[in-house]
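Subject: Structure for your review, with notes

Dear colleague,

I am handing over the structure below, together with my notes on it. Please read the notes with the coordinates open beside them.

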Amino acid sequence: MKVDSIRPLETVLTGDFRSIEPHLQALDKHLILRTYLDGYTLGEVDTKIWLALRGNRAAVSFIRRGSLVNLARWFQWIEDNHPEIQEEVKAKDAAAKAKVAAASKAGGNYALALQDADKGVVTRFLPEPSGYLHIGHAKAALLSDYFAHQAYNGKLRLRLDDTNPSKEKQEYQDAIIEDLAMMGIKPDSVTYTSDYFDYLYDMCVRLIKEGHAYADDTDQETMRDERFKGIPSKRRDRTVEENLRLFEEMKKGSEEGRRNCIRAKISFDNPNKAMRDPVIYRCNIDTPHHRTGTKWNMYPTYDFACPVVDSHEGVTHALRSTEYTDRNPQYQWFLDTLKLRQVYMWDFARMNFIRTFLSKRKLAKLVDTGKVWGWDDPRMPTIRGVRRRGMTIAALRDFIIKQGPSRNVVTMDWTNFWASNKKEIDPVAPRHTAVLQKDVVRVKVTGAEAPAEPFSADKPKHPKNKEVGVKKVWFASELLLDQADAKSFKDGEEITLMAWGNAFVRNVAGGDPIPTLEVELNLQGDVKKTEKKVTWLAAQGQKLVPAELWDFDYLITKDVLQEEDNMEDFLNPNTATLDDAWCDEAAAQLKKDDIIQLERRGYYRVDKGLNDWKDGEEGPKGKRLVLFCIPTGKTGPK
């Protein structure tokens with residue numbers, strides 16, 4: 001191994017372990033009879049290679065295990081005998097630890113020490129505009145934003161990966177940009193893979209001319225079978241001239257061109273199937289591109305466009321979920337083969353939740369078949385779905401940041417997700433009262449303290465937070481009570497009417513459901529001694545507000561769907577329940593997106609306030625509150 005071939009390794013040795021392992025073995029062989037890589041004293045080559053390895057946690061961990069004896073000896077020798085190069089390392093380590101300490105304290109381990117971060121950090125978020133963002137995308141976006149804008153003084157690029165016009169829409173593109181803004185993510189630039197179609201075309205021509213790509217008209221099923229079995233395509237050895245000709249036919253969208261695709265000539269039998277001659281260009285003449293129209297009849301695949309455009313745009317660190325780990329060598333192959341600028345990779349575990357799938361294809365099927373109301377349905381795991389369910393942006397960001405960029409893949413329960421939200425909403429959610437309309441019980445109030453006429457009093461909207469404000473609570477000689485509460489009473493039992501005082505139960509009418517009962521006020525009674533504290537509404541003096549109380553269940557019945565499972569077999573047939581209710585008069589002022597607590601029922605997000613209805617939209621039930629129950633994390637969704 002010559003010194004001239006060692007010098008370029010400085011940039012390569014900062015990659016992931018799979019990409020650097022062959023270079024580590026070469027260095028070990030070079031050091032068999034040497035103390036230093038170059039010469040007899042510490043020089044520029046040894047310093048740069050040692051610092052590159054020292055900055056790569058995967059490399060350091062492997063070297064210290066000692067399986068490469070000569071490399072381990074050299075690495076330890078430099079560390080022990082040359083303190084003059086340690087200061088730079090210590091300074092980098094201290095800076096990285098200081099920047100990530102806050103996030104690590106919050107729960108996640110952010111001590112990644114991104115390679116060459118001192119030279120600048122540019123991350124990117126790369127969604128395909130083929131659906132709305134789900135919470136898995138939110139993790140990718142927030143982590144990329146965190147490392148660009150918080151851990152390091154870098155830049156975040158948003159690039160819409162619009163390479164498949166059959167699936168993509170302007171609607172999805174706009175929604176992605178809006179959802180990122182809603183989450184407080186502000187990219188420093190917004191670009192589209194379609195901005196680089198000409199450049200990608202030129203790069204593909206280069207691959208073909210240099211013998212690294214070929215045109216293949218093998219049918220899809222046969223190609224899949226050959227790739228699985230490690231059998232080379234019969235078109236693999238086509239001449240460069242023939243491949244270029246067919247690529248031009250693909251560009252024209254001719255019948256011959258449409259029969260072909262372009263495949264990278266990497267390997268036909270690599271143990272990693274992602275390396276088995278992946279398709280990098282395919283024709284699509286049926287659907288105009290939503291940005292470029294009918295200019296192109298063929299489009300690059302994600303596998304090809306991703307590394308090429310990442311490097312071209314100046315991305316320094318690409319973060320993506322572990323489902324792409326097998327494709328990392330493929331990513332590196334394109335950079336190496338086309339001699340493009342290095343981009344460092346970091347894989348993190350995607351978020352998986354029980355009874356939930358995050359496949360955009362499956363989610364789109366639910367929308368298209370009418371199983372849900374749309375992409376923003378509160379049962380959907382999209383950003384808009386969980387927001388409509390009542391998740392706050394602050395809680396969403398906090399929950400995801402706490403997960404950190406770990407590679408450990410786990411399937412989580414939803415309880416922690418919603419518990420983090422409760423911490424945000426409980427201190428500020430105003431309290432209101434609701435009684436179900438079905439079988440509502442009319443209660444006559446008696447006793448010396450019973451009001452002769454209805455009256456109101458100002459009460460705090462929140463028992464522990466005066467800043468939430470006050471509301472009027474009405475008191476009257478006739479009340480409304482829930483049927484379930486009435487059925488639990490015994491004649492003569494002392495109960496507490498919340499926000500009023502104690503009362504004795506009298507004259508419970510017979511029948512099921514119970515139509516009426518009486519209570520005799522005992523406001524001097526001790527509320528601490530009663531077993532039952534019940535909510536109620538005055539039936540006189542106030543204009544009660546009609547409301548719909550919605551609750552939701554999981555969309556599927558199985559905790560974790562397997563690859564062989566048919567989604568339709570596990571769809572939950574009953575995922576939504578609706579109760580009509582009456583709310584206190586103060587609830588008339590609520591508006592869309594307000595979050596409240598209905599006493600003894602739980603937290604709710606206002607999907608529609610009384611003033612949010614358009615003319616004629618309310619239907620026969622008239623204008624009413626529409627409230628969506630927010631899980632609290634105690635049991636997850638019901």
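This is a predicted model: local features need pLDDT of at least 70, side-chain atom pairs count only at pLDDT 80 or more; totals for chains, interfaces and linings use all residues.

Annotated regions

An unreviewed UniProt entry lists residues 121-426 as "domain: Glutamyl/glutaminyl-tRNA synthetase class Ib catalytic", and over that range the chain is 42% helix and 14% strand, with the end C-alpha atoms 38 Å apart. The annotation "domain: tRNA synthetases class I (E and Q) anti-codon binding", also taken from an unreviewed UniProt entry, covers residues 533-607, where the chain is 0% helix and 40% strand and the end C-alpha atoms lie 29 Å apart.

Helices H4 and H6

For helix H4 (residues 44-54) and helix H6 (residues 69-81), the axes come within 11 Å and cross at roughly 100°, and because angles of 65 to 115 degrees count as roughly perpendicular, H4 is described as roughly perpendicular to H6. The residues that meet are Asp46, Ile49, Trp50, Leu53 and Arg54 on the H4 side, and Leu71, Trp74, Phe75, Ile78 and Glu79 on the H6 side.

Helix H9

Within H9, the residues Tyr172, Gln173, Ala175, Ile176, Asp179 and Leu180 are buried, and because they cover an arc of only 165° around the axis, they fall on the same side of H9. What do the buried residues of H9 pack against? Their partners are strand S1 (122-125), helix H8 (135-151), strand S2 (155-160), strand S3 (189-192) and helix H17 (383-389). After H9 comes Gly184, which has a positive phi, near 80°.

Helix H16

In H16, the buried residues are Lys360, Leu363, Ala364 and Leu366, and since these cover an arc of only 155° around the axis, they sit on the same side of H16. Arg361 and Asp368, on the other side of H16, are exposed, whereas the buried residues of H16 pack against H8. Just after H16, Gly370 adopts a positive phi of about 75°.

Val441

Val441 is placed in strand S14 (residues 441-446), and because its relative accessibility is 0%, Val441 counts as buried. Although Val441 and Thr516 are 75 residues apart in sequence, their C-alpha atoms are 5.4 Å apart in space. Leaving aside neighbours within four places in sequence, the contacts of Val441 are Leu479, Leu480, Leu481, Asp482, Gln483, Ala486, Ile514, Pro515, Thr516 and Leu517.

Backbone details

Which form does the peptide bond from Asp512 to Pro513 take, cis or trans? The bond is cis, with omega near 10°, and Pro513 belongs to the loop between strand S19 (501-506) and strand S20 (516-522).

Arg355, although not a glycine, has a positive phi of about 55°; Arg355 lies in the loop between strand S10 (352-353) and helix H16 (360-368), and counts as partly exposed because its relative accessibility is 29%. Ala499 is likewise not a glycine and has a positive phi of about 70°, and its place is in the loop between strand S18 (494-497) and S19.

With kind regards

Definitions and conventions
Residues are numbered from 1 along each chain as its sequence is written. Side-chain values use heavy atoms; hydrogens and water are left out. Buried means under 20% relative accessible area, exposed over 50%, partly exposed in between (1.4 Å probe, protein chains only). Helices (H or I, at least four residues) and strands (E, at least two) are DSSP runs, numbered from the N terminus. The arc is that of the directions from the helix axis to the C-beta atoms. Contact means heavy atoms within 4.5 Å. UniProt positions are given in the numbering used here, feature names are shortened, and annotations may be inferred rather than shown by experiment. Axes are lines fitted to C-alpha atoms, for helices over the stretch in contact, and angles run from 0 to 180 degrees between N-to-C directions. Angles under 35 degrees count as roughly parallel, over 145 as roughly antiparallel, 65 to 115 as roughly perpendicular and the rest as oblique.
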